[in-house]
Amino acid sequence: MTAMDIDAALRRVSEEYLARNPRSMQVAHRAARVLPGGTTRTTTFFAPFPPVLVAGEGSEIVDADGNRRVDYLNNYTSLVLGHAHPGVLSRAMAAAGRGTAFSSPTEYEVRLAEVLVQRVASVDQVRLTNSGTEATMAAMRLARAFTGRPRVARFEGSYHGTHDYTATPGAGIPGPVGDLMVTLPFNDIPGCERAIEQAGDSLAAVIIEPVLGAGGVIATDQEFLDFLRRATVHAGALLIFDEIITFRLHAGGAQATYGIRPDLTTFGKIIGGGFPIGGFGGREDVMALLHPTRGSIQWGGTFNGNPVSAAAGIATLEALTPPVIDELNRAGEELVERLDKALGASGLPAGVTGVGSLFNLHATGEEITDSRAVGRADPGLTELLHLGLMNRGYFLAPRGMGCLSTAMTTEELDGLVNAVEDLVHNL
Ligand SMILES: Cc1ncc(COP(=O)(O)O)c(C=O)c1O
């Protein structure tokens with residue numbers, strides 16, 4: 001397909017999208033008057049406008065025009081049991097019925113912390129937050145305080161939320177913030193060795209997603225993570241695993257599949273069962289700095305450990321037993337194989353990466369082992385795949401990321417493969 005063919009096909013799918021979503025378009029116009037670009041989340045926006053949703057029911061979402069789509073995004077991987085799961089809802093509503101927020105602890109937050117400590121071998125103690133962004137921000141501060149060092153290293157293509165220490169200095173993020181960060185090459189042992197050595201005793205921590213999520217769903221090599229564990233110990237720096245997405249892959253987190261024991265772990269998404277949450281935890285001696293009377297770090301949060309989120313999170317994790325997770329991962333891996341075949345047979349420069357129940361369609365024929373290859377994908381074809389699947393009733397991230405929920409049926413898994421085949425053969 002030439003660039004002109006892609007442009008023409010994109011115009012056709014955009015017109016079809018506009019025709020199918022008139023009511024969403026009206027709301028999008030209203031939204032644009034009161035919200036910059038009509039949205040509160042840069043990441044969920046796409047042109048011409050995202051559909052305005054009115055309901056989520058298990059594996060499906062319904063928009064303001066009555067379109068039903070299979071939700072392969074699940075609020076960016078957080079709804080692992082699907083929408084409005086009855087067991088989760090009843091526990092959340094029972095908690096909400098007794099009060100939605102208090103300025104003193106509830107047993108819900110204690111129980112959620114207990115579940116995390118029981119499941120994740122490296123985690124002795126936990127703090128809960130309202131978002132993953134807050135969790136990575138707190139973990140970085142904790143590492144700096146524990147080591148007495150200023151700099152934190154993260155990886156090319158990583159995403160750890162929206163605070164200043166996760167973004168590239170630029171609009172609104174002063175240059176000196178960048179001096180406190182080190183960017184490491186992903187899956188590249190010699191490159192990391194050099195950068196970590198160069199950072200020397202200024203390095204407080206290295207933070208890594210064991211599977212790059214937003215960067216394209218790319219697994220980290222075992223050898224690379226083994227190296228990173230040794231290298232951080234050697235450098236006197238802490239190793240932080242950001243498991244905000246990957247906690248769905250194993251009851252003990254992706255760290256259990258890799259057999260790595262990080263010093264700190266950040267959580268989010270599924271641990272709130274669809275409600276706002278985040279959390280971080282790890283070694284007792286490090287977490288001790290947060291002790292309210294003996295520690296040196298003050299960390300508040302009006303809604304930290306919110307009982308409704310915690311109750312929903314507990315219910316979700318109880319339902320997410322190891323066999324349930326195994327089955328979800330197996331279904332995800334089978335789906336990726338079939339999508340790969342469908343895209344491979346199309347002759348288009350397109351492929352798919354996946355780990356367990358996570359996957360990402362890519363508009364490039366390159367083998368994908370880091371986010372640089374993801375960055376070389378064809379933007380027009382990426383958009384075409386996304387809008388084409390929206391028109392066929394499948395909701396994925398604009399950049400092609402998707403995930404499974406336990407609410408999905410075999411027909412819905414087959415349906416995505418068929419929709420991709422239909423789309424690529426009718427461009
Ligand atoms: C790996 C990772 N870390 C941190 C975050 C930030 O979490 P939140 O959006 O809850 O602030 C995300 C969100 O997508 C994420 O994927």
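Me: What makes strand 3 and strand 15 partners, and which way do they run?

Reply: This is a predicted model, and in it two bridges join strand 3 (residues 68-71) to strand 15, with the two running parallel. Pairing takes at least two bridges, so strand 3 and strand 15 count as paired. Within that pairing, Val70 has Tyr394 of strand 15 as its bridge partner.

Me: What is the strand order in the open sheet of four strands?

Reply: The order is 1-2-3-15, and the pairing is mixed.

Me: Why is one side of strand 1 and of strand 15 left without a neighbour in the sheet?

Reply: Strand 1 (53-57) and strand 15 (394-395) sit at the edges and each has a single partner strand, so one side of each has no neighbour there.

Me: Why is the contact of Glu156 and Arg372 called a salt bridge?

Reply: Their side chains meet at 2.8 Å, N to O. The cut-off is 4 Å between a side-chain nitrogen of Lys or Arg and a carboxyl oxygen of Asp or Glu, so the pair qualifies. Side chains of opposite charge can pair when their charged atoms come close.

Me: How many salt bridges does the rule find across the interface of domain 1 and domain 2?

Reply: One. The structure as a whole holds 15.

Me: What makes Glu318 and Arg91 a salt bridge?

Reply: Their side chains meet at 3.2 Å, N to O, and the limit is 4 Å, so this pair passes as well. The two come from distant parts of the chain: Glu318 is in helix 12 (residues 307-319) and Arg91 in helix 4 (residues 86-97), 227 residues apart.

Me: What makes domain 1 and domain 2 count as touching, and how many residues are in contact?

Reply: Contact calls for heavy atoms within 4.5 Å, and 29 residues of domain 1 are in contact with 23 residues of domain 2. There are also ten residue pairs in polar contact between the domains, both residues at pLDDT 80 or more.

Me: How much area is buried between the domains, and which atoms give 61% of it?

Reply: About 2,000 Å² is buried between domain 1 and domain 2, with carbon and sulfur atoms giving that 61%. On the domain 1 side, Ile325, Val355 and Leu358 lose the most area to domain 2, together 23% of what that side buries.

How values were computed
Residues are numbered from 1 along each chain as its sequence is written. This is a predicted model: local features need pLDDT of at least 70, side-chain atom pairs count only at pLDDT 80 or more; totals for chains, interfaces and linings use all residues. Side-chain values use heavy atoms; hydrogens and water are left out. Buried area is the accessible area (1.4 Å probe) that two parts lose on being put together, summed over both. A polar contact is a pair of N or O atoms within 3.5 Å; within protein, one must be able to donate a hydrogen and the other to accept it, and residues adjacent in sequence count only if both atoms are side-chain atoms.
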